[in-house]
Amino acid sequence: MKAVGAVCILIATVLLGERAAQRELRHLATTEGLLRAFAVLESEIAFLASDLEEAFEKAASAATETSELFLLAARSLREGVRVREAWLSACTSWGEKRQLPSRQLDILKGVTAAWGPWRAEDHVRHLRLAQKLLTDERQMLRSRVENACRLWRYLGVSSGLLLVILLY
């Protein structure tokens, strides 16, 4: 019976470590998805190919990881909400749901400045700034994600073994 309990404890801690490692990988995938979606959004705005609601929907189709963010903003626009408020509420609700790191959420909320009564070139300039910041964030995440995943996995195994040793 003790062996079954020890195995259950070990499996639980290993799974907790794996869950934390997957969260790190998800943050990297989200950043890459945001970059793809912002590239599509930038091109839609720069070429005046569609209105903002349709541009958000096309950006949503460009990256499945981030599609909900852009669809939330498009839905709010359809309901008559101003662009700034629609984007900010979409960022806040989607960021909390995805448990985004504060730096990524700040970058997304910073895009709110782009949605004003300016020309398309000004919107594009704000989106490029966000893309630059997200590119820097992606490079930082790529450099540390491998080590962080390994750390979380080892921590799960070693904490499980330690707990088993202490309890039994």
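**Aromatic pairs and salt bridges**

Phe38, Phe56, Phe70, Trp87 and Trp115 form one aromatic cluster. This is a predicted model: local features need pLDDT of at least 70, side-chain atom pairs count only at pLDDT 80 or more, and totals for chains, interfaces and linings use all residues. Residues are numbered from 1 along each chain as its sequence is written, and side-chain values use heavy atoms, without hydrogens and water.

User: Why is the pair of Phe56 and Trp115 called edge-to-face?

Analyst: Rings of Phe, Tyr and Trp (its six-membered ring) pair if their centres lie within 6.5 Å; planes under 30 degrees apart are stacked, over 60 edge-to-face, the rest tilted. Here the centres are 5.5 Å apart and the planes at 85°, so the pair is edge-to-face.

User: What makes the pair of Phe70 and Trp87 tilted?

Analyst: The centres of Phe70 and Trp87 are 5.6 Å apart and the planes at 50°, so this pair is tilted.

User: Why does Phe70 count as buried?

Analyst: Buried means under 20% relative accessible area, exposed over 50%, partly exposed in between (1.4 Å probe, protein chains only). Phe70 has 0%, so Phe70 is buried. Trp87 is also at 0%, therefore buried.

User: What makes Glu18 and Arg153 a salt bridge?

Analyst: A salt bridge needs a side-chain nitrogen of Lys or Arg within 4 Å of a carboxyl oxygen of Asp or Glu. In Glu18 and Arg153 the closest N and O atoms are 2.7 Å apart.
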